[in-house]
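The stops below are meant to be selected in order.

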Amino acid sequence: MIFMLSLFFMVLTFQQNTFATEPHFSFEEDFSLPIVYLNLVVDVGSVHDPAEKLGLANVASSMLLRGTQKHSKKRFDELLENIGGKVDVRTDLESTVFSMAVLSENLNSYLELIVEALTLPKFDSEELAKVK
């Protein structure tokens with residue numbers, strides 16, 4: 001599956017095989033602030049959880065933000081903070097939404113981190129224990 005994000009004449013394309021359905025990026029331009037806000041909506045929510053694994057979508061989406069194969073959770077959080085970025089995730093009945101914000105001057109670095117989180121999650125057992 002290929003995702004595309006077009007923003008301010010920039011196109012980001014990356015491969016992602018984790019999600020069963022294609023997510024949707026949305027954005028809104030507001031040139032009065034030097035901040036970019038993004039929402040990534042993935043059409044997978046708690047309704048898709050197997051009966052024997054209720055809460056799986058919520059745990060999985062939370063784990064995407066708890067470190068990558070390249071960075072521990074602590075380091076990943078530090079990198080986001082250093083570039084003025086943040087990301088929150090919530091899992092609803094039918095979708096999972098990643099709400100993101102970053103200083104516009106650091107958009108490229110931020111998107112690299114987000115792509116890393118989505119494509120190279122670590123799923124560390126210690127972090128998993130904290131989420132459960």
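**Whole chain.** Start with everything selected and coloured by secondary structure. This is a predicted model. The protein has four helices and six strands, and their order along the sequence is β-β-β-β-α-α-β-β-α-α. Now switch to a surface. Of the 132 residues, 36% are buried. For contacts between residues at least 6 apart in sequence, 56% join residues at least 24 apart.

**Helix α1.** Select residues 56-63, which form α1. Which residues of α1 are buried? They are Ala57, Ser61, Ser62 and Met63.

**Helices α2 and α3.** Hide the rest and show α2, residues 73-82, together with α3, residues 107-119. Two packed helices are described by the angle between their axes and the distance between the axes. Here the axes of α2 and α3 come within 10 Å and cross at roughly 155°. Angles over 145 degrees count as roughly antiparallel, so α2 is roughly antiparallel to α3. The crossing of α2 and α3 is left-handed.

Show side chains at the place where the two helices touch. From α2, pick Phe76, Leu79 and Leu80; from α3, pick Tyr110, Leu113 and Ala117, which they meet. How many residues of each class does the contact of α2 with α3 have? There are six nonpolar residues, no polar ones and no charged ones. For the spacing of such positions, recall that an α-helix has 3.6 residues a turn, so residues three or four places apart point the same way.

**Leu64.** Move to the loop between α1 and α2, where Leu64 is found. Is Leu64 buried or exposed? Its relative accessibility is 5%, and because buried means under 20%, Leu64 counts as buried. Draw a C-alpha to C-alpha distance from Leu64 to Thr119: the two are 8.8 Å apart in space and 55 residues apart in sequence.

**Phe123.** Finish in the loop between α3 and α4, which holds Phe123. Most residues other than glycine have a negative phi. Phe123 is not a glycine, yet its phi is positive, about 55°. With a relative accessible area of 42%, Phe123 is partly exposed.

Note on methods: Residues numbered from 1 in each chain as written. Predicted model: local features only at pLDDT ≥ 70, side-chain atom pairs only at ≥ 80, totals over all residues. Heavy atoms only, no water. Buried < 20%, exposed > 50% of the residue type's maximum accessible area, 1.4 Å probe, protein only. Contact = heavy atoms within 4.5 Å. Axes fitted to C-alpha atoms, helices over the stretch in contact; angles between N-to-C directions. Parallel < 35°, antiparallel > 145°, perpendicular 65-115°, else oblique. Left-handed = near helix turned anticlockwise from the far one by under 90°. Nonpolar A, V, L, I, M, F, W, Y, C, P; charged D, E, K, R; others polar.
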